[in-house]
Amino acid sequence: MNDTRKKIIDAAHSLFVKKGFAASSVQDILDKAEISKGTFYNHFHSKNDCLLAILSFVEEQIDTERQKIAIGKEKDNEEVFIEQVAMKMTMNREHNMMTVFQTVSISEDEQLKAYMHRAHAKELKWLAQRIADIYPAKGSHYTMDHAIMLLGSIHSFQFVAKLGSGQTPSIEKVIRYVLRRIKSMLDDQIKTQETFFQRHWLDHDFTNEKDQQQTLFQQLKQLDTDLQSNGNETKLAYVQFLINELQAEEPKYFLIESVCQSMLQAFTDSSLEHEIQQVVHLIHKLHL
């Protein structure tokens with residue numbers, strides 16, 4: 001990430017946690033980051049845009065760390081799943097994200113609310129898929145229900161534990177306990193075939209996915225234009241490959257993944273680093 005952009009995000013994040021989003025002004029961010037108004041608006045359109053950048057930055061970090069945890073491990077490894085879930089909760093705590101989420105929850109801004117709805121749906125779908133990975137095939141029908149139970153129970157157990165003792169229990173211990181309880185329901189559900197939400201309940205948002213696909217190609221085409229004007233043939237080749245391969249009838253996803261990793265390295269510390277990170281994040285979200 002560009003140093004100046006990172007400096008602004010860090011300053012804004014600190015203010016939003018301490019003062020709250022509504023009570024923090026753009027001028028507060030300028031003072032905290034020690035930058036001019038022009039510098040701020042070179043990177044962000046508004047205070048809301050800055051908050052979305054913070055949320056996206058943390059989300060991208062979590063996605064990357066989850067992928068790292070899974071490297072070389074079997075999908076049905078339950079301990080890997082527990083570590084992935086715990087890592088997100090630990091990172092959210094380290095970044096004081098609960099305070100930020102509370103700020104967004106009372107916001108009337110439609111873009112911010114839409115982001116949080118998408119983020120929550122994404123996490124539930126990820127949990128449902130990962131639970132399906134560790135369940136027998138006949139149990140995959142119930143994983144959305146179990147994802148909701150898992151997420152809600154973890155938060156409730158942590159809250160009540162702290163309420164009674166003043167201390168927060170080990171995240172891994174809570175996750176492991178709740179997961180055991182949920183798994184114990186599976187045989188009965190398979191027998192009765194009772195379910196509240198179908199496995200793919202949250203996959204109906206096709207409009208949002210189409211919007212994301214459109215955004216991805218707009219960003220790739222803008223990068224193509226920028227790199228053609230700069231005359232950087234190597235970096236341009238990465239972008240043009242992705243444009244062509246993602247539109248192919250049968251995209252070669254192993255090549256797309258390889259090019260994404262090479263592209264991230266090639267654009268490190270460049271003026272387009274953040275744009276490349278956003279593109280790769282969208283590709284992972286939609287295709288990988």
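Leaving aside neighbours within four places in sequence, with which residues is L55 in contact? The partners are M97, V100, F101, V104, Y115 and M116. Contact means heavy atoms within 4.5 Å. The model is predicted: local features need pLDDT of at least 70, side-chain atom pairs count only at pLDDT 80 or more, and totals for chains, interfaces and linings use all residues. Residues are numbered from 1 along each chain as its sequence is written, and side-chain values use heavy atoms, with hydrogens and water left out.

The protein chain has 14 helices and zero strands. Helices (H or I, at least four residues) and strands (E, at least two) are DSSP runs, numbered from the N terminus. The radius of gyration, taken over C-alpha atoms, is 21 Å for the protein chain. Of the 288 residues, 41% are buried. Buried means under 20% relative accessible area, exposed over 50%, and partly exposed in between (1.4 Å probe, protein chains only). Among contacts with a separation of 6 or more, 66% join residues 24 or more positions apart.

L55 is also among the residues with the most contacts inside the largest nonpolar core, which has 32 residues. Others in that group include I8, F16 and F40. A nonpolar core is a set of buried Ala, Val, Leu, Ile, Met, Phe, Trp, Tyr and Cys residues joined through side-chain atoms within 4.5 Å. Elements that give two or more residues to this core are α1, α2, α4, α5, α6 and α7. The largest share, ten residues, comes from α4. A second, separate core of 26 residues includes A128, I171, V174 and I190.

Helices α4 and α7 pack at an angle of about 10 degrees, with their axes 11 Å apart. Axes are lines fitted to C-alpha atoms, for helices over the stretch in contact, and angles run from 0 to 180 degrees between N-to-C directions. The two helices are therefore roughly parallel, a term for angles under 35 degrees. Residues of α4 in this contact include L51, L55 and R66, and those of α7 include Y115, M116 and W126.

Q193, between α10 and α11, has a positive phi near 60 degrees without being a glycine. Q193 is exposed, at 61% relative accessible area. D269 lies between α13 and α14. Its phi is about 65 degrees, again positive in a residue that is not a glycine. D269 is exposed, at 69% relative accessibility.

Definitions and conventions
Parallel < 35°, antiparallel > 145°, perpendicular 65-115°, else oblique. Rg over C-alpha atoms; globule rule 2.2 N^0.38 Å.
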